[in-house]
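Please look over the model shown below, with attention to its sheet and to the packing around that sheet.

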Amino acid sequence: MDNQRLSDCLGTDFGRLRVVAADADPGAAVPTCPDWAMADLLRHVAEVYLHKTECMRLGRDPDPWPPEGLAGEPPLELLDRSYAALTAEFAARRPEEHAFTWYGPDQSVGFWIRRMAQETVIHRVDAELAAGRQVAAIPDDLAADGIDELLVIFVQYGTTNWLPYFPELTGLASDHEVSVVTPQRTWLLRLTPTGARVAEPGPDQVRATIEGPAPEVLLRLWNRGGHGATVTGDEETLAVLQKVLVTSTE
């Protein structure tokens, strides 16, 4: 996806999140985020926006974080302020400009445009579920891009750089292959004792498959439902995958 399309999706999903949150009970439980209420979800999204804004402004990871005073700001006001700061920073910079990120291969503003678009769509779904609202459609292109981001940037990069956090991988006796299939693209995820790798689909004998429309597969991988995706194969492989996904995205 190009950066303009990602920015457009960010704006649309933020708008939906804002509308849903404004009409919801701040104390409503968020079923997909244990121990969070709606107010906690909004504060989390706001703090993420502010953190990425500071990553671009400072050229480094802001430390200490979070700054003092955020806890006393009403969640919706904080959300609005943080989104305004984030989008102003994006507007003032070119996507190819340097920006500090936690992902070594991509130190650019564009990385954060993509990351915030994907962050927002997932938390928009969280807000809808907490409010008891129908989950609005996720565009196919955004969903397919989200699957790729999750598998490559979170899972592959995370497991190969911080392997000790993934004992479910280091304890494997052999490789376990998972095929992730959508109409837009197919990914082969190889779970190995030295980390997870995304490879081109080939003649590998996969142990498990997750298949369906891209939005359903995205939600399934993020543990936000995705009941329209079909999951088949070896239960051990699927259990390892689930643990890897949870640890990678914490």
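What is the order of the five strands in the open sheet?

## Basis of the model

This is a predicted model, in which local features need pLDDT of at least 70 and side-chain atom pairs count only at pLDDT 80 or more, while totals for chains, interfaces and linings use all residues. Residues are numbered from 1 along each chain as its sequence is written, and side-chain values use heavy atoms, with hydrogens and water left out.

## The sheet

The order of the open five-stranded sheet is β3-β2-β1-β4-β5, with mixed pairing; strands (E, at least two residues) and helices (H or I, at least four) are DSSP runs numbered from the N terminus, and two strands pair if DSSP finds at least two bridges between them. The edge strands, each pairing on one side only, are β3 and β5 (230-233).

Strand β1 (residues 176-181) runs antiparallel to β2 and is joined to it by six bridges, with Arg190 of β2 as the bridge partner of Glu177. Strand β2 (residues 186-192) also pairs in the antiparallel sense with β3 (residues 195-199), over five bridges; here Leu188 has Ala199 as its bridge partner, and a hairpin of two residues joins β2 to β3.

## Packing around the sheet

Helix α8 (residues 235-249) lies across β1, β2, β4 (208-211) and β5, at about 75° to β1, where axes are lines fitted to C-alpha atoms, for helices over the stretch in contact, and angles run from 0 to 180 degrees between N-to-C directions.

Leaving aside neighbours within four places in sequence, Leu191 is in contact (heavy atoms within 4.5 Å) with residues including Leu169, Val178, Ala196, Val240 and Leu241.
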